[in-house]
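Please look over the sequence and the model shown here before reading on. The paragraphs after it are meant to be read with the structure in view.

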Amino acid sequence: MQEHNKHKIIITCSPRMSPVVEEEVKALGFKNTSINHQNVELMGTFADTLRLNLYLRTANRVLFEIDNFNVNTADELYKKVKKIRWDSIFDVDGYFSIKSYVKNDKILDPRFASLRAKDAIADYFMEKYDRRPNSGKDLSQTVLFLHWHEHEAAIYIDTSGETIAKHGYRKIPMKAPMMESLAAGTILASAWDQKSHFINPMCGSGTLAIEAALIAKRKFLNISRENFGFMHVKYYNADIWERMKQEAAALELKELPFKIIATDLNPAAIVASRQNALTAGVEEFIEFKTCDFRDTPLPEDNKGVIFLNPEYGQRLGEEKALEKTYQEIGDFFKQKASGYLGYIFTGNLNLAKRIGLRTKRRIEFFNAKIDCRLLEYELYAGTKKK
């Protein structure tokens, strides 16, 4: 296997996020992609995985296929894995970990498949060098991924290592925050043009406003991330990575000709949001204010989007208490937000009915295991004339 040859690349993501990830991938110039509900697949070189790790905002991991084979038993898996030239991928003095997804009737515990693959790699090195690399659960060095479905198995380099879904700035998370990749995904799925105002009442820890600023500024935080899985395999070229980082840094805009406004009734949320924005390097591009969502200042030119991620009320009593809040969000949209596009991200469609406005679009997402919708509202002055 040569690192400059094209191999299968699988980009994993949260369920329902793959259409957004695919758009990000295509924007980077990649063609011939295919998707399912939890990943995007394409062909590319090892260097392409560096670019994908650097630029993608909505993905979880970038996997680079080493080999694939038909196997039915753990012993067959062991033999196939042992035939791979592991010393061309990482060093005998290195460290590796294996994660796996296994759906095979003969394997009751996926950890057993991981163990057999690990044994095969260790035995490969022992027979050739009389010593072997260390292995364990640590994801900070060489990370491998085994995907085994029925009789088809493939083994990948996890070029991300630790997930790229977390963007590294949220030191103060507050209550039930959106994952950074999910926040970015909802923004990229919206009709925001990245040239008009982005208003984020009920901002919580500020994730939506911060991701909006990062997207609009074309700022890529993985430039400063110090460790990826790809750095621990022999195909890695530090000069290529350095050049890619410089190219990404050159794309960043120095100023934004519109406003990003984040408000919250809780002063502690505004303190957290401001600190998180500072860590992300976008604090000066966001206006923060402690106030009720209904008192959020809206620029008078009425151009842009208003994004809210209210609580979902997972328990019955909580849902009842939130009915008034959702109704008031609808009133806020109707009375104060004409000309804007309104967005509500919620995991409670019963409460969404309380908003009292007709949706233009309903985009499906998951927040962890919660079935969610991004609801889009076109906000008109008065009543929309037929």
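What follows goes from the sheet to the packing around it.

This is a predicted model, in which local features need pLDDT of at least 70 and side-chain atom pairs count only at pLDDT 80 or more, while totals for chains, interfaces and linings use all residues. Residues are numbered from 1 along each chain as its sequence is written, and side-chain values use heavy atoms, with hydrogens and water left out.

Seven strands form an open sheet in the order 11-10-9-12-13-15-14, with mixed pairing; strands here are DSSP runs of E with at least two residues, helices are runs of H or I with at least four, and both are numbered from the N terminus. Two strands count as paired if DSSP finds at least two bridges between them. Strand 11 and strand 14 (361-367) stand at the edges, each with a single partner strand, so one side of each is left without a neighbour in the sheet.

Strand 10 runs parallel to strand 9 (residues 197-200), to which three bridges join it, and Ile261 is the bridge partner of Ile199. Strand 10 also pairs in the parallel sense with strand 11 (residues 287-290), over four bridges, with Ala262 and Phe288 as bridge partners. Beyond strand 9 comes its parallel pairing with strand 12 (residues 304-308), over three bridges, where Ile199 stands opposite Ile306.

Helix 6 packs on this sheet and touches strand 9, strand 10 and strand 12, contact meaning heavy atoms within 4.5 Å.

The largest nonpolar core has 117 residues, and those with the most contacts inside it are Ile11, Trp86, Ile286 and Phe333; such a core is a set of buried Ala, Val, Leu, Ile, Met, Phe, Trp, Tyr and Cys residues joined through side-chain atoms within 4.5 Å. Helix 6 (residues 207-217) gives the most to this core, with eight residues. A second, separate core of five residues includes Leu63, Phe145, Ala154 and Tyr156.

Conventions:
Buried < 20%, exposed > 50% of the residue type's maximum accessible area, 1.4 Å probe, protein only. Axes fitted to C-alpha atoms, helices over the stretch in contact; angles between N-to-C directions.
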